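Morning, everyone. Please have a look at the structure on the screen, and then we'll walk through it together.

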Amino acid sequence: MISVLLPGCSREYGDTDEYREFIKEKALYESVNKVETSGDYTYVLEDGVLSFLDQNGKEIWRSDKYWFVDDFSLFDIDGDGNTDCLFSLWKSYSFYKNFDENDDPRVRNHLFLYTIRGGYAKTLWASSNLPRPIYSFEISEGISNPVSTGAVLRTVEGEYTEDYSRDEQREFIYTWQGWGFVPCIS
């Protein structure tokens with residue numbers, strides 16, 4: 001793993017005071033542990049760490065050590081015939097290892113989409129800080145068009161709280177539009 005240091009700092013990117021506090025709070029809540037297999041690959045979520053394993057059980061990808069993954073779902077979101085892994089995670093900063101001096105170190109929820117091609121994990125899409133944390137989600141088929149599968153993402157979301165506890169819950173629906181999920185307007 002390549003470590004990226006922040007200017008004038010001896011910590012790795014993502015290792016913020018905010019993230020350390022988040023992990024202390026998150027330890028108070030039960031994390032999701034699950035294993036799913038699709039084709040030649042197994043996806044394992046254990047104590048906030050997501051791993052992709054090949055058919056021999058060899059780890060081919062592991063989530064960043066300064067991410068906390070809440071949950072994942074397998075689905076061919078982009079319509080290429082390969083299983084994709086959509087996962088909800090918490091991390092500091094909005095961007096992925098591209099430090100911007102204006103980037104906010106607060107820990108926020110993100111939604112990332114990865115796939116496996118040629119035995120390697122590849123990022124298909126990564127959200128910036130979400131406006132609301134996702135408490136749960138499910139993905140299903142949508143109405144496709146020439147440029148998108150139209151996959152439907154149904155979420156239960158809340159509001160950010162000081163202690164990362166869950167508050168009010170509201171349902172939202174999004175569709176995959178070729179490069180990201182957009183809200184459904186009804």
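Does Phe181 count as buried or exposed? This is a predicted model, by the way. Phe181 has a relative accessibility of 12%. Buried means under 20%, so Phe181 counts as buried. Its partner is Trp176, and the two form an edge-to-face aromatic pair. Their centres are 5.0 Å apart, with 70 degrees between the planes. Trp176 is buried too, at 4% relative accessible area.

Now the sheet. Four strands make an open sheet in the order β5-β6-β7-β8, and the pairing is antiparallel. The edges are β5, residues 68-75, and β8, residues 120-126; each of them pairs on one side only. On average, neighbouring strands are turned by 30 degrees against each other, direction ignored. Phe87 stands opposite Phe112 in β7.

Next, helix α1, residues 17-26. This helix packs on the sheet and touches β5, β6 and β7. Its direction makes about 110 degrees with that of β6.

Back to rings. The structure holds 22 aromatic pairs. Take Phe22 and Trp90: the centres are 5.4 Å apart and the planes lie at 25 degrees, so this pair is stacked. Phe22 belongs to helix α1 and Trp90 to strand β6, 68 residues apart. Phe22 is buried at 0% relative accessible area, and Trp90 is buried at 5%.

One aromatic cluster includes Phe72, Phe87 and Phe112 among its members. Lys34 lies over the face of Phe72, 4.5 Å from the ring centre. Elsewhere, the charged end of Arg108 sits over the ring of Tyr160, 4.1 Å from its centre.

Note on methods
Residues are numbered from 1 along each chain as its sequence is written. This is a predicted model: local features need pLDDT of at least 70, side-chain atom pairs count only at pLDDT 80 or more; totals for chains, interfaces and linings use all residues. Side-chain values use heavy atoms; hydrogens and water are left out. Two strands pair if DSSP finds at least two bridges between them. Helices (H or I, at least four residues) and strands (E, at least two) are DSSP runs, numbered from the N terminus. Axes are lines fitted to C-alpha atoms, for helices over the stretch in contact, and angles run from 0 to 180 degrees between N-to-C directions. Contact means heavy atoms within 4.5 Å. Rings of Phe, Tyr and Trp (its six-membered ring) pair if their centres lie within 6.5 Å; planes under 30 degrees apart count as stacked, over 60 as edge-to-face and the rest as tilted. Buried means under 20% relative accessible area, exposed over 50%, partly exposed in between (1.4 Å probe, protein chains only). A charge sits over a ring if NZ of Lys or CZ of Arg is within 6 Å of the ring centre and within 35 degrees of the ring normal.
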